[in-house]
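Colleague: Please walk me through this one.

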Amino acid sequence: LTEGRAFDGVISSPLAGRSAKPRNRGETMLIDKGLGLSQTGDLLELGCDFIDYIKFGFGTAALYSRAALRAKIALITSYGVSVYPGGTFLEIAVAQGRLDEYLERCRELGFTHIEVSDGTIDLSADRRVEAIDKALAAGFSVITEVGKKDGAIELDPTLALEQVIADLTCGATKVIVEGRESGSGVGIYDQTGTLKRDEMEALVGGLSDPSLLMWEAPQKSQQVDLIHRFGPNVNLGNIAPGDVIALEALRLGLRGDTLLLSMQHEMEK
Amino acid sequence: LTEGRAFDGVISSPLAGRSAKPRNRGETMLIDKGLGLSQTGDLLELGCDFIDYIKFGFGTAALYSRAALRAKIALITSYGVSVYPGGTFLEIAVAQGRLDEYLERCRELGFTHIEVSDGTIDLSADRRVEAIDKALAAGFSVITEVGKKDGAIELDPTLALEQVIADLTCGATKVIVEGRESGSGVGIYDQTGTLKRDEMEALVGGLSDPSLLMWEAPQKSQQVDLIHRFGPNVNLGNIAPGDVIALEALRLGLRGDTLLLSMQHEMEK
Amino acid sequence: LTEGRAFDGVISSPLAGRSAKPRNRGETMLIDKGLGLSQTGDLLELGCDFIDYIKFGFGTAALYSRAALRAKIALITSYGVSVYPGGTFLEIAVAQGRLDEYLERCRELGFTHIEVSDGTIDLSADRRVEAIDKALAAGFSVITEVGKKDGAIELDPTLALEQVIADLTCGATKVIVEGRESGSGVGIYDQTGTLKRDEMEALVGGLSDPSLLMWEAPQKSQQVDLIHRFGPNVNLGNIAPGDVIALEALRLGLRGDTLLLSMQHEMEK
């Protein structure tokens, strides 16, 4: 803040009200599929104000050496960014009966959050509560996820809403709505990646605060639609590393797709 | 030139006549959505002979600190590459009545070119001329753009041609034909990204020199079609950073898609 | 091996039996379209255990300075990764009558393998044998490729199988099945990138060992389908640099798509 952004005092953001870090609303979660250390440093140096979480996608955390993973996690947290392994990795730990050991190792390595999901395996309500409890007890913040990765199993908004409320009651700080890396044929998106608005509204309609949800939204059209619906401070996840600056531009109305929106706001005044 | 390319004296380029920098024909414009500093250095070290312009896409320039943006621009120009902020950013400056301040800040930061467009906002003919004039007066080279980002507004080749000629008359060095980052459902491309040849020919048919235009062509098939039509020295823009070497290979006939073309040329002799 | 992977002793790989380098089965070939030197180092530092070959796509090797190409090749081989120029580049050398000079230059530069293909040009059986012989005589390992880049020429499994056997008899260590960078409308993939199972089975059915083939499989769904069919140690090529860690996660069952497969295996026991 001692030295401002490059166009401070010249251009103001067309969409106003963007939240600053640390924040609960308007969070951006990046999906990392295996960025190298210098690429990660490059990304954080430029984009750390626009990244709230870095998720090591699915079980990729297992492919690092212990030293390399520790170094990368330390680099990420040194920029004030939270970091956690993908939900699928916890599902594997649960399926292998190694939840306690998994949480302990995650602590040693420096992860700040744990994601609890059932995107691939089946998880009884009891075991889901147990996983959340144990992660909280081990000192992590917990994010949960609703939705199945298998495109043949459609999201039932009523059941998903019940799960969201149960998870939040258990102590989860936020619930992710599954969108995968692709954003197609999963959760609130149809095969072409188009937002299924009825499902989305049914889900959000039952909540006091829509910012308790984070929407996985890897495609630009999805990011635009959700910013149109919820404003610049919607929580968005599974953002590709190369799209993080572009997403912030969308949030601020600094790109055609959302600049138009800001001009409509202007005219409605 | 003191030390040649790796296969000099062994393999000659299947498509002959590729221009060298600095050039007016055969320019490549890269779209940068937020490359970090070391990634930018990496890209320039290998590819600076094949990059004529780096465009900071839409309003992403606003998201850098002043020091970081200055450093990145200085790095780019040190490799003999021109650099400018996206047209959308100028549109915002005009809409906010801050054109003079915008141009002054761009100068301080080290940008070499200004893009004047009306992809999102409406810009009267008078204000467009004023923007070009002021940018020229401030010492920039000016590139303009024709075409709307909104896919529902189809490109009218007759009107676009009039605009191209007016802009060049005002002192623009080149006119970009809008293709967005996606290359789908915009300008001379249909929803699948296929070239609309009639519109393209109508636009180019009214010009003495097709190289007064630069085609935004983010998709490989579009780059191939335009090289087939105009040869290796067609001006192409909105090239993704990771595609810049691959595009140069296409221009030289060093990839299957254009190697075939060079063999057809051979047979016609 | 002195220091293990980050979750050793905690989580075991859901899909068992993954081979370690150096290996003949389960190889991963990466397609490089022009990575800079520091990006290449970053990639190898994290992923060298999961990369068997780096291919300089098509004729991109021609675009480096001699010093830059030598340095990049030396970096790659220092990590125990094999490296070769794309098949198209050899096709150009053959078409220009410069095969001997091409092989000599490749040796000087440090390439370890040569790919012999006829994806774009026509190559008589005699000249194909000659190219393999000369590359072997010059001290390279040879990989050949079957399939045409032109989507209008469908893969004939019977003819392709004959070619595979002829190439292996000549001394090729492996034969690649063409899939291009896109994986659409080419080889064993239809326009949407879906695997054409009958063609694939016809090809593989005539071989004693399916691991004599390497499938170009740039799309995730293709990687998943081939792992389902052949197991974690199928040879896969044209993997994008950013997907190399994600592919290894697929091979090990550390991602939803193949984790399910491992659970089916479990149930069948």
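**How the copies meet**

Modeller: Just 6% of chain B's interface residues also belong to the interface in chain A, so the copies meet through different surfaces. Contact here is heavy atoms within 4.5 Å. This is a predicted model, with local features needing pLDDT of at least 70, side-chain atom pairs pLDDT 80 or more, and totals for chains, interfaces and linings using all residues. Residues count from 1 along each chain as written, chains are lettered from A and ligands numbered from 1 in written order, and side-chain values use heavy atoms, without hydrogens and water.

Colleague: What rotation superposes chain B on chain A?

Modeller: One of 120 degrees, with 0.0 Å of shift along its axis and an RMSD of 0.0 Å (least squares on C-alpha atoms with pLDDT of at least 70 in both copies). That is how a three-fold axis relates copies.

Colleague: And which residue of chain B comes closest to that axis?

Modeller: Q39(B), whose C-alpha is 4.2 Å away.

Colleague: Switching to α2(B): which residues are buried?

Modeller: L69(B), K72(B), I73(B) and I76(B), where buried means under 20% relative accessible area with a 1.4 Å probe, protein chains only. They sit on the same side of α2(B), because their arc around the axis is only 95 degrees.

Colleague: What covers them?

Modeller: The cover includes β1, α1, β2, β3 and α4 of chain B.

Colleague: What comes after α2(B)?

Modeller: G80(B) follows, with a positive phi near 70 degrees.

Colleague: And in chain A, what is the strand order of the sheet?

Modeller: The open sheet of eight strands runs β3-β2-β1-β8-β7-β6-β5-β4, with parallel pairing (at least two DSSP bridges per pair). Its edge strands are β3 (82-85) and β4 (113-116) of chain A, each pairing on one side only.

Conventions: Buried means under 20% relative accessible area, exposed over 50%, partly exposed in between (1.4 Å probe, protein chains only). Helices (H or I, at least four residues) and strands (E, at least two) are DSSP runs, numbered from the N terminus. The arc is that of the directions from the helix axis to the C-beta atoms.
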